[in-house]
Amino acid sequence: MHSQTIGDFLAELAARTPAPGGGATAAVHAAQAAALVGMVARYSDGARFAEHAEEISDIGRTADRLRTEALDVAEADAQAFSAVADAYALPRSTDDEKAARSAAMAAALREACEPPVAAIGAAVEIVSLAERILPVGNRNVITDVAAAAQAARAAATTARVNIEVNLGGIGDDEARVEFSAAARSVDPVVERAEKVTAAVRKELTG
């Protein structure tokens with residue numbers, strides 16, 4: 001994923017294959033959001049921004065870390081969903097085979113929820129970065145703060161449906177509670193992202 005071209009990724013995404021899919025897309029949304037914040041931080045360097053230099057530098061470093069981590073999540077999601085597809089393909093002719101298949105599916109679905117949960121976590125952090133850089137960043141790239149917020153919003157909402165679709169097949173009650181909580185955390189992220197965007201649009205229109 002780190003060295004793959006956008007065109008190659010989209011070709012794989014469009015192919016009739018189990019992965020990459022929506023979960024990987026959520027993580028890529030997060031990576032794009034982090035990259036946009038990093039760009040704004042770099043355009044907010046220099047004497048004009050000296051008062052907030054430490055804050056802006058920290059935002060840029062954190063954005064770079066999240067961008068790398070999000071691409072790792074995209075790779076993990078593709079691998080996890082491939083395991084789900086493999087579990088669905090297991091034989092089920094006998095009771096023993098059916099039991100083994102069910103156990104494998106439950107385990108694979110649990111693993112498949114982990115990357116979307118991580119994508120939501122990344123989205124939360126990125127929206128926080130957008131909120132932090134909004135008042136102090138370079139006004140010439142202020143629209144990219146809104147773009148980052150909206151990309152993070154897309155990451156969170158896309159990841160949420162990829163968690164919800166797998167919940168029914170997970171038998172571990174503790175895991176279901178954890179994943180459900182992650183899914184419920186998305187609405188506040190959406191609200192915060194919309195506030196960032198609204199603030200940017202208000203500034204643009206005066």
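Modeller: The protein exposes about 10,700 Å², and carbon and sulfur atoms supply 53% of it. Such accessible areas come from the Shrake-Rupley method with a 1.4 Å probe; for residues, only the protein chains shown count as cover. This is a predicted model, where local features need pLDDT of at least 70, side-chain atom pairs count only at pLDDT 80 or more, and totals for chains, interfaces and linings use all residues. Residues are numbered from 1 along each chain as its sequence is written, and side-chain values use heavy atoms, with hydrogens and water left out.

Biologist: How many helices and strands are there in the protein?

Modeller: The protein has 7 helices and 0 strands. Both are DSSP runs numbered from the N terminus: helices are H or I with at least four residues, strands are E with at least two.

Biologist: Why are helix 5 and helix 7 called roughly antiparallel?

Modeller: Helix 5 (residues 142–167) and helix 7 (residues 186–205) pack at an angle of about 160°, with axes 9 Å apart. Axes are lines fitted to C-alpha atoms, for helices over the stretch in contact, and angles run from 0 to 180 degrees between N-to-C directions. Angles under 35 degrees count as roughly parallel, over 145 as roughly antiparallel, 65 to 115 as roughly perpendicular and the rest as oblique. Helix 5 and helix 7 are therefore roughly antiparallel.

Biologist: What makes helix 4 roughly parallel to helix 6?

Modeller: The axes of helix 4 (residues 95–133) and helix 6 (residues 173–184) come within 10 Å and cross at roughly 30°. That angle makes the two helices roughly parallel. Arg-110, Cys-113, Glu-114, Val-117 and Ile-120 of helix 4 meet Ala-175, Phe-179 and Ala-182 of helix 6; contact means heavy atoms within 4.5 Å.

Biologist: How do those contact residues of helix 4 and helix 6 divide by class?

Modeller: There are 6 nonpolar, no polar and 2 charged residues. Ala, Val, Leu, Ile, Met, Phe, Trp, Tyr, Cys and Pro count as nonpolar, Asp, Glu, Lys and Arg as charged, and the others, Gly among them, as polar.
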